[in-house]
Amino acid sequence: MAEIVHPSPALAHQFDNLEQQKEASTLGMWVFLTTEVLFFGGLFVTYCIYRLWYPAAFAAGSREMLIWAGATNTAVLITSSLTMALAVHAAQTGNRRLLMSFLIVTMLLGCVFLGIKAFEYHTEFAEHHVPGAAFEFQPQALRQNAQLFFSLYFVMTGLHALHMIIGLGLMSFMLWWAWNGTITKEYYNPIEVSGLYWHFVDIVWIFLFPLLYLIGRHV
Amino acid sequence: MRTLVLPPHHYLNDGYGIKSWLLTRDHKRIALLYLAAITFFFFLGGSFAVLIRLELVTPPGDLVSDETYNKLFTMHGVIMVFFFLIPSIPSTLGNFLVPLMIGAKDLAFPKLNLASWYIYVLGGLFTIYALVTGGVDTGWTFYTPYSTVSSTTSVIPAAMGIFITGFSSILTGLNFIVTIHRMRAPGMTWFRMPLFLWSIYATSLIMVLGTPVLAITMLLVAAERVLHFGFFDPALGGDPVLFQHLFWFYSHPAVYIMVLPSMGVVSEIVAAFCRKQIFGYKFVAFASMAIAVLGFLVWGHHLYVAGESVYAAMIFSALSFMVAIPSAVKVFNWTATMYKGSISWKTPMLYAMGFIGLFTIGGLTGLFIAAVGFDVHVTDTYFIIAHFHYIMVGGALMGYLGGLHYWWPKISGRLYPESLAKLSAGIIFLGFNLTFFPQFILGYLGMPRRYHAYPPEFQVLNVLSSAGASILGVGYLIPMAYLMWSLRYGKIAGANPWGASGLEWTTTSPPPTENFAETPIVTEEPYTYPLRAEAHLG
């Protein structure tokens, strides 16, 4: 028997139904993440080439990293990915309170990550490890090439941190939408798509951590 | 004969006033916003070309200083490449036509589409800021270490302008990809899509995959210049050639961002004005995809003289030759479509013919310089300049103008004056060849690019080139004038003035805001010529 379908208030005018809208925004986010892979890809290529050319300087640079900070941050981010996945699940089952709680925990973990990162930056600044005229590095012989390592370190982690900040902005929006009832059991796609972005930023860190912190540990 | 009238409700009269335009989400209005913006940048970039050609009329550098000349060719390149050629067809015709051609109400993300336009404008403002604060002198290629260490000009604002505009390009490509995947009308299968859409799809892939690499490269240049971080600085063990690799990883495929959409336009025009189904539809469609893929594998041919290994150069050379295959597939298929077709020589067809001829010359000279030995001889000479202007102006721009004329009745609801348009198409063709053909000879004889003075024996060819440029300039101003005129005074076009196939011709001209009264259902193959010839209004 034919059912009378009322268009959902969440349906944008250009789509025929919510299913099409959902597929479109999910595909849109995947395409966007592909561009992000290429964006970070340029950096990873640069990193690989210089690490191949200057293994000693890169290992020495890596030994200067605060390993406990990097390891803690890795754990924090992986946990935030878990809470994000749980938030998506809560949205699917229409549990608004749980959704909001998980979003808040995810955001708090993101803030912890950024706090630890800021502390690391401060330490490196104090130790004159920021490239430029004031850069200092022992042994002196590796000073020039180690600057390449630290340039890459700051740009790679800096861009990653910027993506985290954008992610936090996105999560605030989602929290607002969860609170005012825009997100429903039928229309939870924005949470899902934001989750994709959050997991992507997490995965970038999973690559950054070994490349920047761990390569010099056992040399 | 019945009198044609404009439809009572269409996207142009759906709201008046500046707000209805600047806050619109209608892809058709956004296309017109782009049209206005890129036309501005086209004439701005063109004005630098005028000054360049004026300087080169006489052998000594007498009109402008060498430093000013460096800024002229840099600003010409930056503006023409990033603010005209790359957005040209995708942002205007693509924006207007993608939803119409697949039978959708709009693009998948209309707000993002409008945001893309604002991002483009913001990038443009940065570039204009770079211009008024003294310009940039690095060349549009921003090679390090000159751009990071030596140049004292406004490199950062220009690099940021390119960085920002890149996101407009990425988001436009993303919007097209999602729209083509998810918004097609019932029955519009992939192989029923017009070839223009295959071209736009292939172009979007390049935009989405290439542009972020340029973005990160520009960011690294900025970080090296402002923060004194090292990435390409030889003093720190960095490699300037790495910059060139990253830059050309985007900027070579960018050439296909410029020319692929034009190829799509030409496919539409050739079929419509030969009244024949396109020859080898699938070959033309897959050739677009092949060009997009191969385009990513050939960047190294810009580095033959930059210290690339012999083996790398050999491989890049072989891969570059392979681009000729899908390109030739297209040219042969257009030619085969024309064979025994009922050809009418309307203005769009003249531009399409111009495209085929000039693109062939540009493409074949591309084979010369894909060969390492010959390229070493002509690297950084006017031969290179002539080659890429044949592709970008002779190819991309001809396709753009052809498409603009072909779809103008759909965009505006009115016809442009045909004989004046034919005349200016002829002027542009003549002016173009007079401008750039002598540059092949100049380059072969050894005149280097990017110099404001040259030996007296090169004067005759340079004067020919400058004379051609003045004709070309007039040729561009005439369409600008009559297209504006036709907005008010042109004859009413009717829904399908060319008797063309394709969903965009089944709706009114101009189309209503929602594009179609009801969602079309597609039941037939594309290019069902000559079946519709009877419906032709003549």
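The legends below describe several close-up views of a predicted model.

This is a predicted model in which local features need pLDDT of at least 70 and side-chain atom pairs count only at pLDDT 80 or more, while totals for chains, interfaces and linings use all residues. Residues are numbered from 1 along each chain as its sequence is written, chains are lettered from A and ligands numbered from 1 in the order in which they are written, and side-chain values use heavy atoms, with hydrogens and water left out.

**View 1. Chain A is built from six helices and zero strands.** Helices (H or I, at least four residues) and strands (E, at least two) are DSSP runs, numbered from the N terminus. Read from the N terminus on, the elements of chain A follow the order α-α-α-α-α-α, and the C-alpha trace spans about 80 × 30 × 30 Å along its principal axes. Of the 219 residues in chain A, 52% count as buried, where buried means under 20% relative accessible area, exposed over 50% and partly exposed in between (1.4 Å probe, protein chains only). Contact means heavy atoms within 4.5 Å; among contacts in chain A between residues at least 6 apart in sequence, 79% join residues at least 24 apart.

**View 2. The largest nonpolar core has 246 residues.** Such a core is a set of buried Ala, Val, Leu, Ile, Met, Phe, Trp, Tyr and Cys residues joined through side-chain atoms within 4.5 Å. The residues with the most contacts inside this core are A:Leu103, B:Phe82, B:Phe196, B:Tyr406 and B:Trp407, and its largest share, 23 residues, comes from helix H9 (residues 240-274) of chain B. With neighbours within four places in sequence left aside, B:Phe196 has contacts that include B:Leu93, B:Met101, B:Val265, B:Glu268, B:Trp407 and B:Tyr527.

**View 3. Helix H14 (residues 382-412) and helix H15 (residues 418-445) of chain B pack with their axes 7 Å apart.** The angle between them is about 165 degrees, taken from 0 to 180 degrees between N-to-C directions, with axes as lines fitted to C-alpha atoms, for helices over the stretch in contact. H14(B) and H15(B) are therefore roughly antiparallel to each other, since angles under 35 degrees count as roughly parallel, over 145 as roughly antiparallel, 65 to 115 as roughly perpendicular and the rest as oblique. Among the residues that meet are B:Tyr390, B:Val393 and B:Met398 in H14(B), and B:Phe429, B:Phe432 and B:Phe436 in H15(B). By class, this contact of H14(B) with H15(B) has 17 nonpolar, seven polar and no charged residues; Ala, Val, Leu, Ile, Met, Phe, Trp, Tyr, Cys and Pro count as nonpolar, Asp, Glu, Lys and Arg as charged, and the others, Gly among them, as polar.

**View 4. The axes of H11(B) and helix H12 (residues 347-370) of chain B come within 10 Å.** They cross at roughly 155 degrees, which makes H11(B) roughly antiparallel to H12(B). The contact includes B:Phe321, B:Ala324 and B:Trp334 of H11(B), together with B:Met353, B:Ile356 and B:Phe359 of H12(B), and its residues divide into twelve nonpolar, four polar and no charged.

**View 5. B:Thr153 is found in the loop between helix H6 (146-150) and helix H7 (155-182) of chain B.** With a relative accessible area of 14%, B:Thr153 is buried. Not counting residues up to four places away in sequence, B:Thr153 touches B:Lys71, B:Gly135, B:Val136, B:Asp137 and B:Arg225.
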